[in-house]
Amino acid sequence: MDVTLHLAQQPEADELLGRSPLAALIGMLLDQQVPMEWAFAGPYTIAQRMGSDDLDAHEIASYDPEKFAALLSAKPAVHRYPGSMGKRIHQLCQYLVEHYDGDASSVWKDAGTGAELLRRLKDLPGFGPQKAQIFLALLGKQLGVRPTGWREAAGPYGEPRSFRSVADITGPESLTKVRAHKQEMKAAAKASGKEPDFREPGSP
């Protein structure tokens, strides 16, 4: 995994997302209730504060949870809710250590089908059905992870050039299209008298 992503809209942060499976997973985990760029810049900020140029699941899992949450809370905070998100990241890394020997890429590299990969992603702490489908679509569309049936498993996010989520963002133009789609969803929900729940995944 060594590609160029454009999710944080910051060269150093995007470079880390493109080469580090764990950084990409953590960025997706953070992508709720904050702007997308803020969420996906988070892994780079965390790595810097840990004195490293990458993230290690074993190292994070062995961290004292309160100290790790404090690391995220230092200004500027990594997330709007750094304490709770710090605990989620800690839980995610503990899960990866327990089930995948700390190797985030093992979640997807030997998945035989899209359905199997979706199940594995949904099993991750902090990954609900929608977040799992969006990350699956990101893996398929931009990171070359395409087991049989991956588009179907990703649902509407897997459709080519659907511009529904971060899976379709490759630069400023596509970012604008995704934001426009989210605004349309909000307007439609408001018109129907129902407020959408954008907590998962993030705000446009």
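I began with Phe68, which is buried at 0% relative accessibility (buried is under 20% relative accessible area, exposed over 50%, partly exposed in between, with a 1.4 Å probe and protein chains only). A reminder to myself: this is a predicted model, where local features need pLDDT of at least 70 and side-chain atom pairs count only at pLDDT 80 or more, while totals for chains, interfaces and linings use all residues. Residues are numbered from 1 along each chain as its sequence is written, and side-chain values use heavy atoms, leaving out hydrogens and water.

Next I asked how many aromatic pairs the structure holds. I found 3, a pair being rings of Phe, Tyr and Trp (its six-membered ring) with centres within 6.5 Å; planes under 30 degrees apart are stacked, over 60 edge-to-face and the rest tilted.

Phe68 pairs with Tyr63: the centres are 5.7 Å apart and the planes at 70°, so I noted the pair as edge-to-face. Tyr63 is partly exposed, at 25% relative accessible area.

I then looked up Phe127 and Phe135, whose centres are 6.2 Å apart with planes at 85°, so this pair is edge-to-face. Phe127 is buried at 4%, and Phe135 is buried at 0%. Together with Trp108, Phe127 and Phe135 form one aromatic cluster.

Last, I checked which residues make the contact of α2 with α8 (heavy atoms within 4.5 Å). Ala24, Leu25, Met28 and Leu29 of α2 meet Lys131, Ile134 and Phe135 of α8.

Notes
Helix = DSSP H or I, 4+ residues; strand = E, 2+ residues; numbered from the N terminus.
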